[in-house]
Amino acid sequence: MATGARSKRKAGAPPWRRHFPDVARWDEPLEISTLAGLLSHSLRDFPDRPALTFRATTIAYREFGGMVDRLAGGFHRLGVHRGQTVALYLPNTPWHPLCFFALTKIGVRVAHISALDAPREIEHKIRDSGAVALITTNLPGLLPQAIAAVAHAPRLQVIVGDDARWGGLSPAIPFEVTENVHQLDPLLRSEPYSGPEEPSPDDVALLQYTGGTTGLPKAAVITHGNLTAAVSMYRLWTDGARPQPGEGRSLCVLPLFHIYALTTVMLQAIREGAELILHARFDATHVIEDIEKRRVTGFAGVPTMWIAIANQPDIEKRDFSSLLICASGGAPMPFEMENRVVRIVGQRLRIGWGMTETAPAGTRVPTRASARAGLIGIPFPHVDMRIVSLDDPRRELGPDEAGEIAIRGANVFRGYWNNEDETRSSFADGWFLTGDIGAMDAKGLFRILDRKKNMIISSGFNVYPTAIENAIYEHPDVRETIVIGVPDAYRGQAAKAFISLKAGAQPPSLEELQTFLSTRLGRHEIPTALEIREELPRSPAGKLLAKVLIEEERSLAADRPRQAS
């Protein structure tokens, strides 16, 4: 503002409620409970409905609830107790929802470890979270790393679920039961848990690692109340068709270790009594077949998934008529691709914005809002958002002024695990400072302009340049490096590394660098482009300047269409 004075929103309802009064049940209270309480609704109302389908296995809600209770009893008798942390290192498999609900039922914190994590990231998350146990499955891409983790955490218990229980298609590998390595399957024969005290909505349910700007991931502390509040916010949104409770079929190919799949897909499906159709991994052909044959009513994906679906042969001839909910999140959807997907599926995509720290409810675009690039919509019920000054986060800005997006609500996390400084700097007057630069118009519609932090979102995953740079610096021939995000037609963004070499060193090829980084970074973090330079740009004070390279890449991208013409 020209005067520099504090801007105050007009008294009364926020602008989004005045301009979009009919898209949500704005005044209905939130349903905030524990995760066991969330599950209880469907156990009571839809006991014989399918809860989960994976490969050829279908589990009804009554059976699912019994398995959760017995696993909870087994974990408790194994020595896992309220207030401890257990890490889940699992792909999409029934073991994930079963263990997630069983652990949180007895008051245990779950720490997700990504199936894409490199060994050093696994070790950091186990150490940082204080995990007493790690649950995995006997697949070649997971079990060896899980067993290796014991060498770095000798007191860690590894609990292994047999993939064959669910009609395993991949060759499982044998393992030896030892003092530290246990079988998960026998715990399903335990007596149901009947502990004296259940968790409360204020208890921590989840330590969700979000990456770290200093090179190490940090964990968002998310409570039972945060997660169930987010699910309730989704349910209060009434704009657009949706199946009746107990009648939905939700297809989940997003990884359940990601907050988007955990809350928006799995927890929401469970609360609605829907059937969760789980795929171990994304395959566009299989997704389309399931939508057609199983008459799927809801599918949520990241933009790369929608792009892959849209690029399938004869996609215009496929039957998407059963879909009532088509959602895209996790990363910005290219505007032209969004329009193409809308033409294919015959309805608007449900586009929104959220973060790990918001569990991840944030905004959604109303169907009658004009689609445009960068639009993320209006806040969900019981979420408040504003734009604040980059210089003074306590000063609210007016319509169409660019600043940082700030948010508050019952879904917003408690802070960062064992990181008081990061927590303190991320809040101002009770508002979480998101790090996203945006603006709000007079109707209360928010749009994203840029990211405050130099973060890359690749295929829906947060990728932090500093973490990649730290790994590249381990290469014996590297003198200096800068990593930035560049546009990628499939992933949305990908990492590009700029490197200067030590005297006499031979330049590595991109493939050689990727091989070097393969044990140091997750697959989603490894650069897809490499440029060797004599010198990297720096400030007069000697600081390396990523922004110079970002601007160069933007200029090159802008010139390409003109060169082609």
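In strand E19, Tyr416 is the bridge partner of Ala220. Strand E9 (residues 219–223) is joined to E19 by 2 bridges, and the two run antiparallel. Strands pair if DSSP finds at least two bridges between them; helices (H or I, at least four residues) and strands (E, at least two) are DSSP runs, numbered from the N terminus. The model is predicted, with pLDDT of at least 70 needed for local features and 80 or more for side-chain atom pairs, while totals for chains, interfaces and linings use all residues. Residues are numbered from 1 along each chain as its sequence is written, and side-chain values use heavy atoms, leaving out hydrogens and water.

E9 and E19 belong to an open sheet of 8 strands with mixed pairing, in the order E7-E6-E5-E3-E4-E8-E9-E19. Strands E7 (181–183) and E19 (415–416) stand at the edges with a single partner strand each, so one side of each has no neighbour in the sheet.

Helix H7 (residues 224–236) lies across strands E8 (204–209) and E9, at about 75° to E9. Axes here are lines fitted to C-alpha atoms, for helices over the stretch in contact, and angles run from 0 to 180 degrees between N-to-C directions.

Ala205 lies in strand E8. Ala205 is buried, at 0% relative accessibility, where buried means under 20% relative accessible area, exposed over 50% and partly exposed in between (1.4 Å probe, protein chains only). Leaving aside residues up to four places away in sequence, the contacts of Ala205 include Leu35, Val108, Ile222 and Leu227; contact means heavy atoms within 4.5 Å. From Ala205 to Leu445 there are 240 residues in sequence and 32 Å in space, C-alpha to C-alpha.

Leu227 is among the five residues, with Phe75, Phe100, Phe101 and Ile135, that touch the most other members of the largest nonpolar core, which has 121 residues. Such a core is a set of buried Ala, Val, Leu, Ile, Met, Phe, Trp, Tyr and Cys residues joined through side-chain atoms within 4.5 Å. Helix H8 (residues 259–271) gives the largest share of this core, 9 residues. Beyond four places in sequence, Leu227 touches residues including Leu35, Phe100, Ile259, Leu262 and Leu267. In H8, 13 of 13 residues are buried. Gly273, which follows H8, has a positive phi near 70°.

The model has 12 aromatic pairs. Rings of Phe, Tyr and Trp (its six-membered ring) pair if their centres lie within 6.5 Å; planes under 30 degrees apart count as stacked, over 60 as edge-to-face and the rest as tilted. Two of the pairs are listed here.

| Pair | Centre to centre | Angle between planes | Type |
|---|---|---|---|
| Phe413 and Phe432 | 5.1 Å | 80° | edge-to-face |
| Phe427 and Phe432 | 5.5 Å | 50° | tilted |

Phe413 lies in the loop between strand E18 (403–409) and E19, and Phe432 in strand E21 (residues 431–440), so their pair ties together parts that are 19 residues apart in sequence. Phe413 is buried at 3% relative accessibility, as is Phe432 with 2%, whereas Phe427 is partly exposed at 22%. Phe413, Tyr416, Phe427 and Phe432 form one aromatic cluster.

Charges also sit over rings: the charged end of Arg386 lies over the ring of Trp431, 4.3 Å from its centre, and Arg165 lies over the face of Trp166, at 5.8 Å from the ring centre. The criterion is NZ of Lys or CZ of Arg within 6 Å of the ring centre and within 35 degrees of the ring normal.
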